[in-house]
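Keep the 3D view open while you read.

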Amino acid sequence: SYTTDTKSREENKKTIESLYSLSVDIKKIRRLKEWVLLQDVAYVKEIAGILQEMGADETAVANILEHCPEAILCTPEEINSQRALWQLVCQNEKQLIKLIEQFPESFFTTKYHQNQKANIMFFQELGLKNNIITRFLTSAPNIFYNPVEKNKNVIETLQRNYLNLGGSEANMKIWILKLLSQNPFILLNNSTTIKENLEFLQKNDFTDHEVLQLLSKLKGFIFQLNSTTMQKSMLFSKNVFNCSDQELKELVLKCPALLYYSVPVLEERLEGLLKEGISVAQIRETPMVLELTTQIVQYRIKKLSALGYDVKSGNLESLNGTKKDFEVTYGKIQSKKERPIFNPVAPIHIED
């Protein structure tokens, strides 16, 4: 709704003076979003006043307005409405101002206020905890811009499929909440996508129980797939590992990455592992290693090699998992290496 035609317009002197009095770096705004400074109407003092009322100090106010200068184009009424809305899920104003400092764009997007409100209510009814909803508001704000009916539709599709695949009514709520917490962006997808992808898996002889297992393991990737890429990826894995349909199914259940990564990605990761001297047989034994990028694999192999641990001769379990998992594994191997074989000062027990 704001003009971005900068050539014929002049900067609003009143806006510049007000920002200057708040110690805002105007050069930064000129460089990033000069169009804001050209608008005839801005609410610099009013927005700064509301932020200060919430507990923001001078530095915080300046930071917020530098990172999100379009905040000054919101009316005080709009900001007070957002403030009341976010307070529904924030513990207190101290937490709220901290979130605004970190994610100003999310807070100052007031255009979808009614949708945001309806979606917050819906998520609360669904059983999502407020701290998860605040995480969504800041890291996945787009899901609140949808009309609530669309989000309900996606959730209902997931619930229906979960039950159709043999999931129990008792576990459904926990399953949905876990899935949403792991990947809120599933709500940006079309509910027909999930239907098509589940049908593809069933046509490929995955039982209902196995499809349900995959649905949980894919953490929302199920929406980003399509039957063509899945077919190609499965065929690639079948040829590489030289396995039967049943064996391929077992590999996919062990490592859904074989389903959701495209052939070029799988090829690149496989090549990276082979270059490190790892065999196809080892990868087949621990396919989850293909979930890691080539750079991560190289870094982990290097760290383990420094401890004298040779991944080429053992299994690849030690390479697997998240950064935290790897650090635990690495720590165990390290302490094993450093531990003395016997304790020279321990008392010797001699039987009579």
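Start with Thr110, which sits in the loop between helix H7 (104-107) and helix H8 (113-126). Keep in mind that this is a predicted model. Is Thr110 buried or exposed? Its relative accessible area is 14%, and the cut-off for buried is under 20%, so Thr110 counts as buried. Who does Thr110 touch, once you skip its neighbours within four places in sequence? The contacts of Thr110 are Cys74, Glu78, Ile79 and Gln82.

Now hop over to Phe108. Again skipping neighbours within four places in sequence, Phe108 is in contact with Ile47, Leu51, Ile64, Cys68, Ala71, Cys74, Ile79 and Ile100. The largest nonpolar core has 109 residues, and Leu51 and Phe108 are the ones that touch the most other members. Helix H11 (residues 169-182) gives the most to this core, with 6 residues.

Next stop: Ser216, which belongs to helix H13. Not counting residues up to four places away in sequence, Ser216 touches Trp175 and Gln182. If you look for Glu276, you'll find that Ser216 and Glu276 are 60 residues apart in sequence and 32 Å apart in space, going from C-alpha to C-alpha.

Here are the two single residues side by side:

Take helix H12 (residues 191-203) and helix H13 (residues 208-217): they pack at an angle of about 135°, with their axes 10 Å apart. H12 and H13 are therefore oblique to each other. The crossing, where H12 passes H13, is right-handed.

Which residues meet there? From H12 come Ile194, Leu198, Leu201 and Gln202, and from H13 come Asp208, Val211, Leu214 and Leu215. Sorted by class, this contact of H12 with H13 has 6 nonpolar, 1 polar and 1 charged residues.

H13 has another partner worth a look. In helix H15 (residues 245-254), the buried residues are Leu248, Lys249, Leu251, Val252 and Leu253. What do these buried residues of H15 pack against? They pack against H13, along with helix H14 (227-241), helix H16 (257-260) and helix H18 (280-285).

Conventions. Residues numbered from 1 in each chain as written. Predicted model: local features only at pLDDT ≥ 70, side-chain atom pairs only at ≥ 80, totals over all residues. Heavy atoms only, no water. Axes fitted to C-alpha atoms, helices over the stretch in contact; angles between N-to-C directions. Helix = DSSP H or I, 4+ residues; strand = E, 2+ residues; numbered from the N terminus. Parallel < 35°, antiparallel > 145°, perpendicular 65-115°, else oblique. Left-handed = near helix turned anticlockwise from the far one by under 90°. Contact = heavy atoms within 4.5 Å. Nonpolar A, V, L, I, M, F, W, Y, C, P; charged D, E, K, R; others polar. Core = buried A, V, L, I, M, F, W, Y, C linked by side-chain atoms within 4.5 Å. Buried < 20%, exposed > 50% of the residue type's maximum accessible area, 1.4 Å probe, protein only.
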